[in-house]
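Here are my notes on this model, point by point. Please read them with the structure open.

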Amino acid sequence: MLILSERDMRACFSMADAIDAADEAFRAVSKQVAVVPLRTVAELSDVSGQLISMPGYVPAQKGTAEDGKTDTDAALGVKVLGFFESNRARGLPTIPATMLLLDPTTGVASALLNGTYLTQLRTAAASGIATKLLAREDARIGALIGAGGQAACQLEALLAARDLEEVRVADARPGAAAALVDALQESLGETYGATLVACDSVKACVENADVITAVTTAVDPVLEVDWLKPGVHVNGVGSYTPEMHELPGALFADAAVCALDSRDAVLSEDGEIIDALEQGLLAPDDLCEIGEISLGYTKGRTSASEITVFKTVGVAAEDLVTAARIVAAAQAQGIGVEVEM
């Protein structure tokens, strides 16, 4: 069995690679060939945490010259993760995770990956492919709301998806946005040719921004529609339970396109979309999947002034496709540690 650390994964797999993997995963979801049961959540009330299991299977896919996709192998496995808010004070990830890949023919364990980094990478890549498909081509200003554990990857996804000149960062915790900007200006800002700016408020962060990613654990909306410019694209990443509401309902009502990673997952887990539907701000027919846009089943942006939104709660297909591609890249480059079980 191959074991891959975060360092190993970074050494053989780029954000551009991850965005391409996310596209494949979402296409499989929208073609209804991926077997991705809803996640199982065990509430750990005595430690204020959650244990989450995400199994799944994505069959081999045939690429076509028409869409520029190559053939891909099948992927089978399960990701086990948790949510422990108190980990931040311990200097640990708030969402620790482990990814186990299995041989899709025999079910024998074949690889074990750092699931914490995998989650950060594939979640950001989801925002990346949505930004590539829905944001204006001339987008130049990005905004990131939330400077926590997923922020670095989310920031890179924005930069990889569009040729941004500036990315602003805001966070509710004093000093968090500035710390993130200081840590990433050289490694990401200079690499992609963008200036990173820490903002004192979310309003200052998102005003005149062309593309926005929100990645927080907020239970109440972190922005107001009046702060947004026409033509903006918004990625809603942080909310993944019925109780969480990172984006305002009015945003979904104003959006010309409201794309989801998975209808089944979002309609079961995301409080923002569930409430918007119940309040009549959205109709079921207003929703589409990002994979449907990629496949050409439905339209994306049709004008420069339209507001577009992407809502993701995460699906196992993303983990499976990304992990399988990382393992293939690592094996090709001789990276990782092989052990016998």
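1. Cys258 stands opposite Val309 in strand S14. Strands here are DSSP runs (E, at least two residues), helices are H or I runs of at least four, and both are numbered from the N terminus.

2. Some ground rules. This is a predicted model, in which local features need pLDDT of at least 70, side-chain atom pairs count only at pLDDT 80 or more, and totals for chains, interfaces and linings use all residues. Residues are numbered from 1 along each chain as its sequence is written, and side-chain values use heavy atoms, with hydrogens and water left out.

3. Stay with S12. Both of its faces are covered. Val257 and Ala259 lie on one side, Cys258 and Leu260 on the other, and all are buried (under 20% relative accessible area with a 1.4 Å probe, protein chains only; exposed is over 50%, partly exposed in between). In S13, Ala259 has Cys288 as its bridge partner, and Leu260 stands opposite Glu289.

4. Now the whole sheet. It is open and has eight strands, in the order S9-S8-S7-S10-S11-S14-S12-S13, with parallel pairing. Two strands pair if DSSP finds at least two bridges between them. At the edges are S9 (195-198) and S13 (287-289), each pairing on one side only. Neighbouring strands are turned by 20 degrees against each other on average, direction ignored.

5. Strand S11 (residues 233-236) deserves a look. His233 and Asn235 point one way, Val234 and Gly236 the other, and all are buried. Four bridges join strand S10 (residues 211-214) to S11 in parallel, with Ala214 opposite Gly236. Another four join S11 to S14, also in parallel. There, Val234 stands opposite Val309.

6. What lies across S9? Helix H6 (residues 176-192) does, running at about 175 degrees to S9. H6 also lies across strand S7 (141-145) and strand S8 (166-170). Such angles run from 0 to 180 degrees between N-to-C directions, with axes fitted to C-alpha atoms, for helices over the stretch in contact.

7. Helix H10 (residues 271-278) has Gly271, Glu272, Ile273, Ile274 and Ala276 buried. The buried residues of H10 pack against S12, S13 and strand S14 (308-311), as well as helix H8 (249-254) and helix H9 (263-269). Just after H10, Gly280 takes a positive phi of about 80 degrees.

8. Which residues have the most contacts inside the largest nonpolar core? They are Leu4, Leu113, Val206, Ile212 and Ile326, in a core of 84 residues. A second, separate core of 21 residues includes Ala151, Leu155, Ala176 and Val237. A core here is a set of buried Ala, Val, Leu, Ile, Met, Phe, Trp, Tyr and Cys residues joined through side-chain atoms within 4.5 Å.

9. Leaving aside neighbours within four places in sequence, Leu113 is in contact (heavy atoms within 4.5 Å) with Leu4, Met9, Thr98, Met99, Leu101, Ala323, Ile326 and Val327.

10. Next, helix H2 (residues 15-30) and helix H12 (residues 316-333). Their axes come within 8 Å and cross at roughly 135 degrees. H2 and H12 are therefore oblique to each other. Under 35 degrees counts as roughly parallel, over 145 as roughly antiparallel, 65 to 115 as roughly perpendicular and the rest as oblique. On the H2 side, the contact includes Asp17, Asp20 and Phe26; on the H12 side, it includes Val321 and Arg325.

11. H4 also meets H12. The axes come within 10 Å and cross at roughly 115 degrees. That makes H4 roughly perpendicular to H12. Leu118, Leu121, Arg122 and Ala126 in H4 meet Glu318, Asp319, Thr322, Ala323 and Ile326 in H12.

12. Last, Gln120. Is Gln120 buried or exposed? At 16% relative accessibility, Gln120 counts as buried. Gln120 is found in H4 (residues 115-134). Beyond neighbours within four places in sequence, Gln120 is in contact with Gly149, Gln150 and Cys153.
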